Amino acid sequence: MKEFGVDIWANNNFFIDDSELKLNFKSSPSILNITKEIRSSGARGPLLLRFPHLIKKQIKSLYSHFDAAIEENSYQGSFNAVFPLKVNQFPHAVEAITSSGEKYGYGLEAGSKAELILAMAKTPLGANITVNGFKDKEMITLGFIAAQSGHNITLTIEGINELETIINVANESSLKIPNIGIRVRLHSSGSGTWAKSGGMDAKFGLTATEIIQAIKLLKNASLIEKLSMIHFHIGSQMEDIAPIKKALREAGNIYAELRKMGAVSLSNINIGGGLAVEYDQHTHGKSRNYSIKEFSSSVVFLLGEIMDAKNVKHPNIFTESGRYIVASHAVLITPVLELFSQDYREELLSLKEINPPLINELIDLNKLLNNSNCIEYLHDALDHVESLLTLFDLGYIDLQDRSNGEILAHNIIKKALYLKSANPTDELEKLQVKLQERYLINASIFQSLPDYWGLNQHFPVMPLHHLNTTPHRASSLWDITCDSDGEIGFNPQKPLYLHDINLAKEEYFLGFFNVGAYQETLGMNHNLFTKPSEYTIEIDESSYYITNECESKSLIDILNSIGYKREEILDKLEEDLVKSNFITKKEKSDTLLKLKLFLKQNGYLRTTN
Ligand SMILES: Cc1ncc(COP(=O)(O)O)c(C=O)c1O
């Protein structure tokens, strides 16, 4: 079904079969079946499903493409990668990363003290740890402790002061000295939403003058043989390959210069992250204009070319791609709680014995509408409803007539849009936008799709079922926060059409895809909606297995996590209830039990009725 662009964004990870979306792996389970099984044990609200096989696939893809490019170009250096923890620090994601990456020597990158502790605990000895971001003496000392503990760690300096602190710690202690990297401030900058990390005004990195100063400091402290890496990162989700190539040329030349300046142990060039993911679901090639094959070939070819021209040994290549590794592995499932135009359902019509003439005309139009007359009848209906509203304002018809008129007109428009949906005119498209359906989803956009809220980043979204019928309702999505920013509006450039479902009769589930990078930690507890319940799904040849269940926080735990004392809240609620006048003792104890049960549940809605 081309409406949802599965062939554009899904990278063959999902396919539509038998009206449902399925995983394209081993026993090919349906996501709807997994969702229903999880919900059968009482789970409500949004669900975050993790598919570790998709992390394994991406790690393999990264290594195999670079290894192939190295072989093809007779490149002399090796390929190495670390996963930047900022992209997803959650235990079941990190577990999948470290277990799938072990055979490649895949390491971890840390950008803060907490991430460094995590990297020290989770990186297998022998694999690499790189440390970026601003560091104080304590964080630098942690790096020394990691080296002393046997880790292959590189502290990348973001400024001269950090190098001075490294030299001080080295002089003050007998701990093993970690490898040192220099983040270089390139004049080349990236392109796209997250391109601020490169360019002369970037927040990070040493200028050419500071690099020369750093080399002098290292030589004077007899630590020049500890300088092993130069690093750059021009931004995440680099949409265009041209700036990446420009940055590689600049960094490659800096590397070659430093080797000539006596950086005898310099052997690694770390190209950071930035490898982009396809988020678009409407147009091929919108999110990025290159493939992993082109990316890896370009990096290897360009670095080889620069080093050969300068007669310098080929450096080992390091990457810190994060988004590329984990974006696809997580899917957010949101149940739909309500369709707002269902207030105009035909069964709500309450016609009188004698109706105003305009209502009778709308009844006929509704009954007789067909493919050949629908545009004319649609115009009549629009005209009649305008007249009915004027009659209401003047007091000539009552509220019941108005309600009947609105229901009939909505149905006529809906049927006409449906009949002409294959070839809508401009007028019909405008009507569709105006009369878009609002689907209330049991989720918080602030919590689960923060990059949509903050940066308007599109995430592929589609229903998990009904995929053998064409959806006709132009749709916008409302989340359950009390905030009008909690909405994904209908965008005619990236239209979302969903099915007209009667939720009284059946459930309807939407999936948001490629949400495994950045969204989980960036997500915020606005309105005190916390992280959705999460589940890891393992798939084999015959079935799937739901593991690692982590329930969304209960109401009382949410309050506790922002500093309220659990017992104080519980005691106060109980005290007030017990003091109040209940008719029977049983009613009092039942209400108390109910209250205690509510407090143990998460904050998402269970139903709307
Ligand atoms: C230093 C560094 N390395 C790697 C990354 C990961 O980038 P991406 O997720 O685009 O691969 C980032 C993120 O911005 C970063 O700042």
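Analyst: Start with Asn13. Setting aside neighbours within four places in sequence, Asn13 is in contact with Lys22, Leu23, Asn24, Leu54, Lys57 and Ser328. This is a predicted model. Asn13 sits in the loop between helix 1 (6-9) and strand 1. Is Asn13 buried or exposed? The cut-off for buried is under 20% relative accessible area. Asn13 has a relative accessible area of 3%, so Asn13 is buried.

Now follow one of those partners. Leu23 touches Asn13, and Leu23 is also in contact with His53. His53 belongs to helix 3 (residues 52-72). Its contacts, leaving aside neighbours within four places in sequence, are Leu23, Phe25 and Ile539. The relative accessibility of His53 is 13%, and therefore His53 counts as buried.

Leu23 also has a place in strand 2 (20-23). The loop between strand 1 (14-17) and strand 2 holds Ser19. Ser19 has a phi near 75 degrees, which is a positive value in a residue other than glycine. Ser19 has a relative accessible area of 18%, so it is buried.

A second residue has a positive phi. For His466, phi is near 65 degrees, and His466 is not glycine either. His466 lies in the loop between strand 14 (461-463) and strand 15.

Helix 15 spans residues 426-434, and its buried residues are Leu428, Leu431 and Gln432. Why are they on the same side of helix 15? They cover an arc of only 105 degrees around the axis, so they share one side of the helix. Exposed residues sit on the other side of helix 15: Asp426, Lys430 and Lys434. What do the buried residues of helix 15 pack against? Their partners are helix 13, helix 14 (399-419), strand 15 (473-478) and strand 17 (497-498).

Helix 13 deserves a stop. It covers residues 374-393, and Phe392 is one of its residues. Phe392 touches Ile397, Asp398, Leu399 and Arg402, not counting residues up to four places away in sequence. Take the pair Phe392 and Arg402. They are 10 residues apart along the chain, and their C-alpha atoms are separated by 6.9 Å. Is Phe392 buried, exposed or partly exposed? Phe392 has 24% relative accessibility, so it counts as partly exposed.

In helix 5 (residues 113-122), the buried residues are Glu115, Leu116, Ala119 and Met120. They lie on the same side of helix 5, because they cover an arc of only 140 degrees around the axis. The face turned away from that buried side carries the exposed residues Ala114 and Ala121. The buried residues of helix 5 pack against strand 5 (107-110) and strand 6 (128-131). They also pack against helix 6 (137-148) and strand 7 (152-157).

- Lys86: a polar side-chain atom lies 2.9 Å from an oxygen atom of the ligand.
- Gly274: a backbone N or O atom lies 3.0 Å from an oxygen atom of the ligand.
- His233: an N or O atom in the side chain is 3.1 Å from an oxygen atom of the ligand.

How much of the ligand does the protein bury? Taken alone, the ligand exposes 400 Å², and the protein buries 92% of that.

Last, step back to the whole protein. It has 21 helices and 20 strands. Its C-alpha atoms fill a box of roughly 100 × 65 × 55 Å along the principal axes. There are 609 residues, and buried ones make up 52% of them. Consider contacts between residues at least 6 apart in sequence: 75% of these join residues at least 24 apart. The accessible surface comes to about 27500 Å², and 51% of it belongs to carbon and sulfur atoms.

Technical notes
Residues numbered from 1 in each chain as written. Predicted model: local features only at pLDDT ≥ 70, side-chain atom pairs only at ≥ 80, totals over all residues. Heavy atoms only, no water. Polar contact = N/O pair within 3.5 Å; in protein donor to acceptor, adjacent residues only side chain to side chain. Areas by Shrake-Rupley, 256 points an atom, 1.4 Å probe, with all protein chains shown as cover. Helix = DSSP H or I, 4+ residues; strand = E, 2+ residues; numbered from the N terminus. Buried < 20%, exposed > 50% of the residue type's maximum accessible area, 1.4 Å probe, protein only. Contact = heavy atoms within 4.5 Å. Arc of directions from axis to C-beta.
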